[in-house]
Amino acid sequence: MRFSQSLIPTLKETPAEAEVASHRLLLRAGYIRKLTAGIYTYLPLGLAAVRKVEKIVREEMAMAGAQELLMPMVQPADLWHETGRYQKYGPELLRFVDRHNRESCLGPTHEEVITDIVRREIRSYRDLPQNLYQIQTKFRDEIRPRFGLMRGREFIMKDGYSFDVDDEAANKSYQQMFDAYNRIFKRCGLEYRPVEADSGSIGGSFSHEFMVLADTGEDTLVICSACDYAANSEKAEIAAPQADECPMLDLEKVETPGKRKVSVVCEFMEIAPHELVKTMVYEADGIPVAVLVRGDREVQEVKLKNLLGAADVAMLEDKAVFDATGVPTGYLGPVGIKIKLLVDNEVAAMRNFVTGGNEKNYHLKNVNMGRDFEAEAIADLRQITDQDPCPACGAKLGMKKGLEVGHIFKLGTGYSTVMNAVFQDQDGKDKPVVMGCYGVGVSRIVAAAIEQNHDENGMIFPMSLAPMQVIILNLGLKDAAITETAEALYLELQKYGVDVLLDDRDERPGSKFKDADLLGIPLRITVGKRFTKDGVVEIRQRKDGSVEELEPQQVTHRILEIIRIAMNND
Ligand code: ATP
Ligand code: MG
């Protein structure tokens, strides 16, 4: 690729709308451009990086025996009605009608479509197992598309599905995919961790996420300091504590004028936040529910959503809380509350706590569940902290931020049963196929790799994902010897299959160096003054700035060697 003839629109200014490094650098380096919220064009270098991820995915899928197919993006609503997900999926599913008034949607995931294929084409146990995947553009009408490729509305995903005769075979397929995923993320040069995960709207019995460790990650992970336990905090279970057995004291009403926030109430009443219980109000599929957690805790919304079996839960605004309960926020409490009440298992074990008084300017002291109010359900509803013991072994937990780049699910027979995807087994009986599904965020991986590998000058691509492996700077466009050498290296490296960008623009050396750094290309070859003076060219590694000077005829050999080592180690 010749820089002078390529569309690589680098920017000097940092785009204002970009909050995280990958978004900023993808825009600045001319890899992507935004069309509208959450929807991007991949410019040539951006697409080349995406293709690198796809290549690794395809190779590892082939090694694991999976077959590639390509399903449609537009899907009929009828299929989604069969599984009930047309309603349940929530507003991320973009629904529309065509000219014949047929309801349709844009595929956010393809369980329905692939199960439809399988129920039509698979007859007998002899046709199984099957493992099918595609790499395709997905659409999810995300509520907050942000961070560029990290959370788009339109994005590229690899989604795969396995079909087996029984649970044991399905677990084997799951394990094969688990192993293949580890190889994929390792080859992408990512520092990542598989964690136990919630299965969300996809459903199923167990699931793992593959998390790239990065401070900008939207997920919180808990990682045990002693055992193998690692989980998304959405999933990390917290055991119910021992019930407090101390005697119940008399309920007292306390005037707390204008005291609404936990910290203010605590100071006023001279108590610690863990002696107070707060009442949080959510809307679950349009119905308000109150959740009690200790004053120093947070509600874990995914746990709440799972408990209620809701498609969507969101915290209610102050006004909506008042409309639903007749009490201003800050004074809400469980005693006499008018809406459905759920209680975190930690609160259920407490005695004589403080809550809102369900009346403006009042709180209650010595509140006790069972005596003063009843719960509709008691469950683990709070966000785990690093003060909680490891759910597996009881040791200390660490917390880290993670970016989800892959997610695998053991689905079981949920989809095959409702969609009647059955096969005839050896005993002549019809049985539902046992399924698994496996996703990789292809475009998100490009962003995640940059999030993990960049400096103040630009991106630093791992060799395996770099859109171009080498950039050659011709610093003497008018100098015949320099130009001839740069051009010869450009041709020779390409002959050996290296992806090379030749910077043959009529630009100052300074801006060529700057762009080379910004683009994140792992190896830079400079042909300039040192060549004229001493007959040497310079190879510089983007990752550590190390420099070596070689005669031109040694360069190709050395470059191939560096690439080989990097591809094995990244
Ligand atoms: P998230 O919790 O980040 O919304 P998800 O659980 O909805 O992810 P899956 O349904 O498991 O995601 O999709 C498989 C993979 O697709 C994810 O692991 C992630 O890497 C990627 N992905 C999901 N949503 C997006 C998005 N909006 N933009 C880019 N990649 C995405
Ligand atoms: Mg999602």
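## Surface and overall build

How much of the chain's accessible surface belongs to carbon and sulfur atoms? The share is 49%, out of a surface that comes to about 26000 Å². Keep in mind that this is a predicted model.

As for the build, there are 16 helices and 31 strands in the chain. The C-alpha trace spans about 95 × 70 × 55 Å along its principal axes.

Of the chain's 570 residues, 52% are buried. Looking at contacts with a separation of 6 or more, 68% of them come from residues 24 or more positions apart.

## Around ligand 1

Ligand 1 has 14 residues around it, and the ones that come nearest are Arg-140, Glu-142, Arg-151, Gly-152 and Glu-404. Where do the strands come in? Strand 8 (154-164) and strand 21 (397-412) each put at least two residues into the shell around the ligand. Strand 21 gives the most, with 4 residues.

Gly-152 uses its backbone instead, with an N or O atom 2.8 Å from a nitrogen atom of ligand 1.

How much of the ligand does the protein cover? On its own, ligand 1 has 580 Å² of accessible area, and the protein covers 87% of that.

Key. Residues are numbered from 1 along each chain as its sequence is written. Chains are lettered from A and ligands numbered from 1 in the order in which they are written. This is a predicted model: local features need pLDDT of at least 70, side-chain atom pairs count only at pLDDT 80 or more; totals for chains, interfaces and linings use all residues. Side-chain values use heavy atoms; hydrogens and water are left out. Buried means under 20% relative accessible area, exposed over 50%, partly exposed in between (1.4 Å probe, protein chains only). Contact means heavy atoms within 4.5 Å. Accessible areas come from the Shrake-Rupley method with a 1.4 Å probe; for residues, only the protein chains shown count as cover. A residue is near a molecule or strand if one of its heavy atoms lies within 4 Å of it. A polar contact is a pair of N or O atoms within 3.5 Å; within protein, one must be able to donate a hydrogen and the other to accept it, and residues adjacent in sequence count only if both atoms are side-chain atoms.
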